Amino acid sequence: MDRHEKTPADFLITCVDHVITCDDTFQVFSPGAIAVHQGTIVAVGTPCELHQRYEAKETVTLSGHIVLPGLVNTHVHGAMSLFRGLADDLPLDRWLHEHIFPAESRHVQPDFVFLGTLLSCTEMLLGGTTCFCDGYFFEEAAAQAADLCGIRAVLGQGILDFPTPDAPDPKAVRHRIQAFLENFPRTSARLRPSLFCHAPYTCSPETLQWAKAVCTDRGMLFQIHVSETRWEVETIRSRYGTSPVAHLERLGILDDQTLCAHAVWIDDQEIHLLAETGACMAHCVESNLKLASGIAPIPAVLKAGIPVGLGTDGCASNNDLDLFSEMSLTARVHKAVTGNPTVCDARRVLLMATRMGAHAVGWGAATGSLEVGKKADMVALDMERAHLCPLYDPTSHVVYAARASDVRHVWVDGVPVVRDGVLKTVDVPNLLREVRKAAAVIAEGMFFR
Ligand SMILES: [Zn+2]
C-alpha cells in the first residue's frame with residue numbers, strides 16, 4: 001500500500017507481546033498493536049496489519065509488555081485513604097462508630113476530601129486503574145482531584161439520615177444535593193455526578209425514593225451499600241419485614257442504573273430479584289474479609305447474569321486500592337468457598353475488573369475493553385519480572401501473578417498519564433508531604449480524644 005493511502009493516527013502502540021482486548025470474544029493478539037486517534041481506539045490488530053494501515057505521529061514500541069484495558073474500581077471512598085491503617089482488626093460497627101465516624105466528624109472538609117481523593121487517584125493510576133466509582137462527602141472536591149490527575153470517574157455524593165460532615169442538619173440534605181449538582185465541575189467529560197445513599201438502614205424509604213428519583217431524572221447512577229453484614233439483614237427484617245434487596249425492590253430502587261455494593265448476605269431469591277431488575281453489583285472481597293463481613297456468593301451471582309465489578313471499598317478497610325490483588329483474591333477465594341476450582345476463572349475475573357465493571361458504573365459504552373470506538377483507556381504491564389516468567393497464558397498472569405507495581409504505562413482518553421512508572425499529572429513527592437502533614441493532625445486528634 002502506498003504511504004499516502006494510510007490513515008492518520010495520533011499514536012500507534014506496537015510490538016506488544018500480548019494485547020488482551022476483553023471484547024465479546026475475548027480476543028488476544030500476540031503480538032498486538034493499537035492505533036489511537038483523538039483519544040479513541042481506531043484499530044486493534046497485529047503490528048503488521050496496523051503499520052500497513054496507519055500513519056502515526058508517534059509510535060510506542062512495547063515489546064516485553066502485556067497491554068490490557070484500564071481497570072475499573074467500582075466501589076471506592078477515595079478521601080478515606082487519609083485514614084489508611086488508622087484502625088484495624090475491629091468489627092464493622094465498632095470500627096465505624098468508635099473510629100471512622102468520630103474521625104470523619106472532626107476532619108472531613110473539602111480540603112481533606114480533595115487531598116485524600118488525590119492520593120487515591122495517584123495510587124489507582126499508578127496501579128493501572130483508569131476509572132473509579134466513588135461515594136463520599138464534599139464530592140465536588142473529589143471531582144476536582146479526579147479532574148486534576150486525569151482519571152475517569154463517577155462521583156457519588158453521600159446521603160444519610162443523620163448529621164454528616166457536609167450536611168450537619170439531615171433535614172437540609174436536599175439543599176446539599178442541589179448544591180452538589182450545581183457545583184459539580186463541568187470541565188471534563190471524564191467525570192460524572194452520582195448519588196450515593198449510604199445503606200438501607202441509614203436512609204429512610206422516603207430518602208431512598210427521593211434520591212433515586214433525582215438520579216432517574218438526571219440519568220445518574222444511584223449507589224448504595226446493601227447487605228454488607230448479617231446485622232444489617234436482621235435490622236432491615238425487623239424494621240420492614242423483608243430482606244434488604246426485597247426492601248429496595250419494593251421501593252422501586254432497583255434498575256440497571258443502580259449499583260449495589262457488597263451484597264454479601266443475599267439468598268437465591270434476592271439474586272433472582274437483582275437479575276430481574278438489571279441492578280449491578282460491586283464485589284469488595286478484601287474489605288469484606290478484613291471486616292469479617294462474609295463472602296458474597298459471586299459464582300451464583302455471575303450465573304444469574306448480574307453484572308459484577310470489583311471494588312476495593314475505602315482504604316481504611318482494605319488497606320490499599322490495588323485491583324490486581326482484588327482480582328487474585330476473587331479468583332481464589334470463591335474456589336475455596338464452593339469447593340470448586342473451576343469457578344471465577346481468570347478470564348471471568350479479568351472481565352469483572354474491566355468490561356463488566358465499566359458496565360456496572362455506567363461507563364460501559366466508553367471504556368472497559370480495547371475495541372474500535374472506545375476511549376483509549378489502556379494499561380501496559382512490564383513482563384521483564386521474575387514473578388512473570390515464563391509466560392504461557394497472559395490472562396492467567398494478569399489475574400494470578402501480576403502486581404500493581406508491574407504497571408509501566410497508563411493512558412486515559414489516549415493521554416499518557418503514567419509513563420515509565422511515573423505519574424505525569426501529580427507532583428507525587430509533594431503530595432506525600434501534604435498527606436503526612438494531614439495525617440499528623442489526624443493522629444493528634446486520635447491521641448487526645
Ligand atoms: Zn463502601
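I began with burial: 60% of the 449 residues in the protein are buried (under 20% relative accessible area with a 1.4 Å probe, protein chains only). This is a predicted model, where local features need pLDDT of at least 70, side-chain atom pairs count only at pLDDT 80 or more, and totals for chains, interfaces and linings use all residues. Residues are numbered from 1 along each chain as its sequence is written, and side-chain values use heavy atoms, without hydrogens and water.

Next I looked up the helices and strands. I found 16 helices and 19 strands in the protein (DSSP runs numbered from the N terminus: helices are H or I with at least four residues, strands are E with at least two). The radius of gyration is 22 Å, close to the 22 Å of the globule rule for 449 residues, so the protein is as compact as a globular protein of that length. That radius is taken over C-alpha atoms, and the rule is 2.2 Å times the number of residues to the power 0.38.

I noted an open sheet of seven strands, in the order β3-β2-β7-β16-β17-β18-β19, with mixed pairing (two strands pair if DSSP finds at least two bridges between them). Which strands are at the edges? They are β3 (28-29) and β19 (422-423), and each pairs on one side only.

I zoomed in on one pair. Strand β2 (residues 18-20) runs antiparallel to β3, and two bridges join them. I found V19 opposite F29 in β3.

Notes:
Buried means under 20% relative accessible area, exposed over 50%, partly exposed in between (1.4 Å probe, protein chains only).
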